[in-house]
Amino acid sequence: MRAVLLATTHGAEALLPSPHPEVTGDTVFGRLRRQLARFDVTDLTVIGRPELMPGLPLEGARVTTSTDVDSDLRLLSEACADGDEAILVLTADALLADTAISSVLSDPTERSGALVGSPTTPEPPPPPSSVIAA
């Protein structure tokens, strides 16, 4: 299976390792790459902004830089036209459960599917309120 990861939004900055030495561990991008490997993605293309590409661990991926939405769409169209096998397209900063990926890949009634999120960070819920009687 093939996958195209779009590292083209403001959220793609979350893909980079932390600049703070005290913060160690995995990145969103590293987690997503391991998930895709579990779903037998063997051909990985990353379309991203030039300023983000140098910091990403991209071994084994086909990397293409893009400077604007028009280029993103052209490169995505080319990637989709290149080959006959299934292709999964998602944002590279997606933090997804395996079941979400599986449901998109395994639904025989749909020829395509998408997992999308909000372009902004949601506000935290307000704290619970309490009523004090006098």
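Is Glu78 buried, partly exposed or exposed? Glu78 is partly exposed, with a relative accessible area of 43%, where buried means under 20% relative accessible area, exposed over 50%, and partly exposed in between, computed with a 1.4 Å probe on protein chains only. The model on screen is predicted, so local features are reported at pLDDT of at least 70 and side-chain atom pairs at pLDDT 80 or more, while totals for chains, interfaces and linings use all residues. Residues are numbered from 1 along each chain as its sequence is written, and side-chain values use heavy atoms, with hydrogens and water left out.

**Stop one: helix H2**

Helices (H or I, at least four residues) and strands (E, at least two) are DSSP runs, numbered from the N terminus.

Next select Asp72, also in helix H2, which spans residues 69–81. Asp72 counts as buried because its relative accessibility is 9%. Leaving aside residues up to four places away in sequence, Asp72 touches Thr8, Ile47, Arg49 and Ser66, contact meaning heavy atoms within 4.5 Å. With Arg49 there is a salt bridge, its closest N and O atoms 2.8 Å apart, and the pair links distant parts of the chain, since Arg49 lies in the loop between E2 and strand E3 (62–65), 23 residues from Asp72. Arg49, at 12% relative accessibility, counts as buried.

**Stop two: strand E2**

Now select E2, of which 6 of 6 residues are buried. Asp43, Thr45 and Ile47 lie on one side, and Leu44, Val46 and Gly48 on the other, so that both faces are covered. E1 and E2 pair in the parallel sense over 6 bridges, pairing being assigned if DSSP finds at least two bridges between two strands; one place to look is Ala7, whose bridge partner in E2 is Gly48. E3 also runs parallel to E2, to which 4 bridges join it, and here the bridge partner of Val46 is Val63.

**Stop three: the cores and helix H1**

Select Leu5, Leu36, Leu44, Val46 and Leu90, which touch the most other members among the 19 residues of the largest nonpolar core; such a core is a set of buried Ala, Val, Leu, Ile, Met, Phe, Trp, Tyr and Cys residues joined through side-chain atoms within 4.5 Å. Strand E1 (2–7), helix H1 (28–38), strand E2 (43–48) and strand E4 (87–91) each supply at least two residues of this core. A second, separate core of 6 residues includes Ile47, Leu75, Leu76 and Ala79.

Within H1, the buried residues are Phe29, Gly30, Leu32, Gln35 and Leu36, and what covers them includes E1, E2, E4 and helix H3 (98–106).

**Last stop: from H1 to H3**

Finish with Asp98 and Arg38, whose salt bridge has its closest N and O atoms 3.1 Å apart and links helix H3 to helix H1, the two residues being 60 residues apart. Asp98 counts as partly exposed, at 31% relative accessibility.

How values were computed
Salt bridge = Lys/Arg side-chain N within 4 Å of Asp/Glu carboxyl O.
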